[in-house]
Amino acid sequence: MFSLEMSKEQKMIKDEVAKLVKGIVTENAAEMEEKREIPAETVQKAWALGASVSMVPEKLGGFGMDDSPVTTAIILEELAFGDLSFAILATLPSLVISPLLTMGTEAQKNKYLPIICAEKFNPSTLALNEPHFGFEPVNMKTVAEKKNGGYHLNGLKCFVPMAAQASHVLVAATLEGKPELFLVARDNPGMIIGEREENTGLRSIPTYEITFKGCEIPLTDRLGEAAGCDFEMFLQKTRIGMSAIGTGVSRASFEFAMNYAKDRKQFGEPIVYRQSVAFIIAEMAYEVDAMRLMTWKAASRLEAGKDAKRAAYLAKLYTGEQTMRVVDYGVQLLGGHGYTKEYPVERFYRNGRGIGIIEGLTTV
Amino acid sequence: MISLELTEDLEKSRENMHNLARDLFRPIARKYDIEEHTYPKELDILRPPKPKKPAPEAEKKPVEVKPDKKDKKPSALRFDNLIGVLSIEELCWGDLGLMLTFPGMGLGNAAIAAVGTAEQKAKFGSRWAAMAITEPEAGSDSASVQTTAVLDGDEWVLNGEKIFVTSADRSEIVVVWANIEPSAGKAGIKSFIVEKGTPGFKLEHLEHKLGIRASDTGTFVLKDCRVPKENLLGSPEVKKKQSFAGVMQTFDNTRPTVAAMALGVARAALEFTKEKIEESGLQLDYTHTSYNMSSLEKEFYRMESQLEAMRLLIWQAASMADAGIRNSLQASMCKAKAGKAGTEIVQKCCEILGPLGYTYQNLAEKWMRDVKITDIFEGTGQIQHLIVARQLMKLSSKELR
């Protein structure tokens, strides 16, 4: 199959998300960041679209639809076009739902999915990143050990969105040299949630550092139980998710800066009449398209049941780099005004930096 | 539904082109880089068969293309432009210069196929046709061509100079752009089929070039060159508005193919570089984050992602054309990106290859010379950026100069 035309269904959901974002997110993003909170009803409206639970079986709280990584990528781009923090929060439970669905045992699915897929938004989250130099997902310092008929977790995690509010945290840790995933309930006494973090971007959702200190986990809460998880597949999906939100943030900066440059007059004419400005806008335009296509390419591979390791890796690498380039251009085109909070491009700049650095804030 | 997975048919046609590029082009790539202006006789097997004598009336029935189902075009039709760019990528992976001198596949042939009358197609369609647009004073500004054509009885009289004509020597006919009403400006520009050997039509000289040396590029002088009235391609009517815009629109289809040339050459260089990196013992496994690897690995992944971005922008433009959607913006976007990124990739590969990127012992240095043309011909990278910006913001060429 080769087609770059959205299906009716894809077009419909894209429009629906775009409408929602335009109505309650775009205009409020600055205020949400100021207050450092996204109103619960805003999140609930996005959650009610049901995108995160669409492929969960009906009896477990979902719609039993086919899994479509491409459609998810389309939705993520639209959400992030509105606001990065919002996109991450509105789809946060997917970070647990998606691995559970593809790698969980029947017992794990039956136990956790109905709780997470409730009609009312119930945050669950992922603890993957670690606050040390040289961190990467395949080489984590958080360690799980088999002990007393269960597992003991020790280590430090960061950038865990909603850790203090989530009912469950999916924790990535190294077990016998291999990365595995563990489900940890928030009230587990071995999981110590720190203060809310202060970061350059993602300031509308609370993120936390988590310390694991001899955190005891039953054998049944290792994802996939004895068989373990397909961590590589998990990474592919989160990389594609990150690429999709990078595309959304970039597009937001591109469109805002382009419209500004069309209106902004200097020397008696719009600044876009100058090639030095126009060429930057042209570059932003094709880089946004390129990011989207790289994301869709990797998602298409998954959708076709093929290995997407290379495609997902390249998509994340590319969007990480190009997002930073595009959001930088966004500030540059607005000049001094771009440097102030009066305009959103400075927020896009701070949020955009995260795409290349942070892993696993979202998934397809 | 969106999917960027190629169908089996597409993969198959790509593989066929790849084999041709590998078996026919690669082995002689260096030879004709050194022997500039020598015709690569090995390419004769690619020549289209000469048309047979007219068949008796009974057998002359037009062949109807019947779709399998009503709503389903045969895949060859559905993916015309996509097959085109896939093929070009493969052939240019073999050799860009040789691809450009593919017998019988000149730009002029495309023009005749696009706008020629039935008679013109029958008479000239099977002959190798070059295209002469550029002049010493009309490069990117192709609207300002100075060559004139004046109707004198049953003949057009052409005067002017044409430069940078691809396949100048090897072609049999040349499609020449000339103005029939200079006072009307670009609306007066028409194209004419000029046969080699016509008095007053002289191949002045062939260029010595930085790259694509297997392709002969030349200058023609037209001095009171008389061609039959019926050799004017398309309509002789001078329409103030649409005529030239129509001419420029044909480039919407050719820009992705030029972008695909950059892609093919850059891929060749990248594959060769990967081979050398892996021979040195480094494994490229698409696993580690960029701050946990050597700069060599990082450069490689970065180039590979750039290559993929080029490819997908090209596929986007081509598949829009296949779907019948206007793609001027996307065609220029992919050309802008591919010319720039393709050139940078090959330059960087040569840097990484070190001495291996400077010697005639392999093709890397040649690819670096060859690829540079893709950011120049069919509109320079700068012109492409201009077009993209104008299209995006609906600005005229007077507003955004």
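The model is predicted: local features need pLDDT of at least 70, and side-chain atom pairs count only at pLDDT 80 or more, while totals for chains, interfaces and linings use all residues. As for labels, residues are numbered from 1 along each chain as its sequence is written, and chains are lettered from A and ligands numbered from 1 in the order in which they are written.

**Chain A meets chain B**

- On chain A, 39 residues are in contact with 38 residues of chain B (contact means that the C-beta atoms, placed from the backbone, lie within 7 Å).
- Helices H8 (231–263), H9 (275–303) and H10 (309–338) of chain A each give two or more residues to this side (helices are DSSP runs of H or I, at least four residues, numbered from the N terminus).
- H9(A) brings the largest share, 16 residues.
- Sort chain A's side by class and you get 24 nonpolar, 6 polar and 9 charged residues.
- Here Ala, Val, Leu, Ile, Met, Phe, Trp, Tyr, Cys and Pro count as nonpolar, Asp, Glu, Lys and Arg as charged, and the others, Gly among them, as polar.

**Inside chain B**

- Chain B is split into domain 1 (8–51 + 71–115), domain 2 (128–238) and domain 3 (245–393), with bounds from an automatic or database domain assignment.
- The C-alpha centres of domains 1 and 2 of chain B are 25 Å apart, and each of these two domains puts 21 residues into their contact.
- On domain 1's side, H2 (29–34), H5 (96–100) and H6 (107–115) of chain B each give two or more residues.
- H6(B) gives the most there, with 6 residues.
- That side of domain 1 of chain B has 11 nonpolar, 7 polar and 3 charged residues.
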